[in-house]
Amino acid sequence: MIEFTAQGMGRSSFEDNILPGLVYICPILLDQEGQALHSHTGHAELLVVRQGEGIAQIDGGQEELQTGDFVLCSAGSPHAYRAKGPEPMEVVSCGIHHLKCRGLEENCFAARSDRSVVHVGQESRALQDILAVMESTAKEPAPGKQELLSYLTAAAVTMALQIHQTAAEWAEQTRYQLGVRTRMYLDRHYLEPLTLDGIACAMEVSKYHLDRVFLKSAGCTPMQYITRRRLAHAQTLLASTSHTVQHIAELCCYSNYNYFTAVFRKNIGMTPGAYRRMAQGNTGQRDT
């Protein structure tokens with residue numbers, strides 16, 4: 001038997017310890033046509049995918065859903081759901097009002113900039129269990145039913161928010177690790193022919209995801225980072241060797257001398273020859 005000793009309840013997830021209320025809870029079977037785009041002004045909505053795959057449209061974006069994923073839809077957010085393929089998607093939808101999460105507007109789960117769709121798969125099993133109890137409780141007449149549903153709703157919201165926070169932290173850590181791995185890979189291979197497709201393949205992600213993550217991590221795209229590394233190497237060779245500019249261009253993976261000169265001038269602010277004269281303190285040397 002596992003013992004649990006409460007060490008104090010700590011701070012509530014809700015302003016003034018006011019618990020949210022349940023407006024409705026209902027299972028929905030969605031086909032490929034799905035729902036029309038709509039929003040709720042008086043309540044928020046928690047939707048969990050019980051079975052199947054689908055598409056969520058929310059706040060102008062679109063994301064895929066799979067079994068176990070859930071959506072935190074704040075009041076006023078336009079949204080719609082549909083099955084991804086011919087097989088229906090089974091979801092359970094909860095309308096929640098008087099939701100006062102700390103630091104947020106009423107009936108908002110999270111800040112508008114936060115992701116509404118939480119991809120966790122079977123990690124949401126405990127949340128689904130709470131919703132199953134809520135669903136059965138809502139169907140049966142019983143003394144204290146509304147109070148019990150309020151406590152269960154608060155538990156479901158609190159758990160959903162905790163899973164959301166953990167998923168967000170994990171996603172951020174994953175993005176950081178991808179950024180670091182990509183930079184290490186580029187540092188080793190920048191003097192080789194590289195394409196965004198090839199880099200993404202090496203990192204085992206899509207090129208669109210890689211481009212976004214690396215831009216956030218490094219402040220530039222992978223291809224811009226490669227250009228910076230190649231030009232830095234070219235500057236070193238121009239300052240410390242007697243190689244011709246054309247040979248240096250080739251050593252830095254630029255087969256076209258004119259293109260190398262144009263890229264160098266655009267990024268460094270002068271031609272390779274001018275940079276060499278400045279770096280070597282020789283104003284009489286020609287561009288070679």
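Biologist: Which strands does α1 lie across, and at what angle does α1 run to β2?
Modeller: Helices are DSSP runs of H or I with at least four residues and strands are E runs of at least two, both numbered from the N terminus. Axes are lines fitted to C-alpha atoms, for helices over the stretch in contact, and angles run from 0 to 180 degrees between N-to-C directions. Contact means heavy atoms within 4.5 Å. α1 lies across β1, β2, β5 and β7, and its angle to β2 is about 105°.

Biologist: What kind of model is this, and at which pLDDT do side-chain atom pairs count?
Modeller: Residues are numbered from 1 along each chain as its sequence is written, and side-chain values use heavy atoms, with hydrogens and water left out. The model is predicted: local features need pLDDT of at least 70, totals for chains, interfaces and linings use all residues, and side-chain atom pairs count only at pLDDT 80 or more.

Biologist: Which residues is Q128 in contact with, leaving aside its neighbours within four places in sequence?
Modeller: Q128 sits in helix α1, residues 125-139. Its relative accessibility is 7%, so Q128 counts as buried (under 20% relative accessible area; over 50% is exposed and in between is partly exposed, with a 1.4 Å probe and protein chains only). Beyond its sequence neighbours, Q128 contacts V48, V49, R50 and G68.

Biologist: Which strands does α2 lie across, and at what angle does it run to β5?
Modeller: Helix α2 spans residues 145-189. This helix lies across β1, β2, β5, β7 and β8, and its angle to β5 is about 105°.

Biologist: What are the edge strands of the open sheet of 5 strands?
Modeller: Two strands pair if DSSP finds at least two bridges between them. The order is β1-β7-β2-β5-β8, with antiparallel pairing. Strands that pair on one side only form the edges, and here they are β1 and β8 (117-118).

Biologist: How many bridges join β1 to β7, and how many join β2 to β7?
Modeller: Both pairings are antiparallel, with β1 covering residues 21-30 and β2 residues 44-51. In β7, V91 is the bridge partner of I28, S93 that of L47, and I96 stands opposite A44. The count for β1 with β7 is 9, and for β2 with β7 it is 7.

Biologist: How many of the 9 residues of β7 are buried?
Modeller: Strand β7 covers residues 89-97. The rest of the structure largely encloses this strand, because the number of its residues that are buried is 7.

Biologist: By how much are neighbouring strands of the open sheet of 3 strands turned against each other on average?
Modeller: The order is β4-β3-β6, paired antiparallel, and the edge strands are β4 (61-65) and β6. β3 (residues 54-58) is joined to β6 by 5 bridges, with Q57 opposite A80.

Biologist: Is S74 buried or exposed?
Modeller: S74 lies in the loop between β5 (70-73) and β6 (79-83). Its C-alpha atom is 17 Å from that of A36, 38 residues apart along the chain. With 8% relative accessibility, S74 counts as buried.

Biologist: How are α5 and α7 oriented to each other, and how many nonpolar residues does their contact have?
Modeller: The axes of α5 (residues 222-240) and α7 (residues 257-268) come within 11 Å and cross at roughly 95°. The two helices are therefore roughly perpendicular (65 to 115 degrees; under 35 is roughly parallel, over 145 roughly antiparallel and the rest oblique). T227, L231, A234, Q235 and L238 of α5 meet F260, V263, F264, N267 and I268 of α7. With Ala, Val, Leu, Ile, Met, Phe, Trp, Tyr, Cys and Pro counted as nonpolar, Asp, Glu, Lys and Arg as charged, and the others, Gly among them, as polar, the contact has no charged and 3 polar residues, and its nonpolar count is 7.

Biologist: What is the relative accessibility of P222?
Modeller: P222 is placed in helix α5. Leaving aside neighbours within four places in sequence, P222 contacts L186, L196, I199, L210, D211 and F214. P222 counts as buried, with a relative accessibility of 0%.
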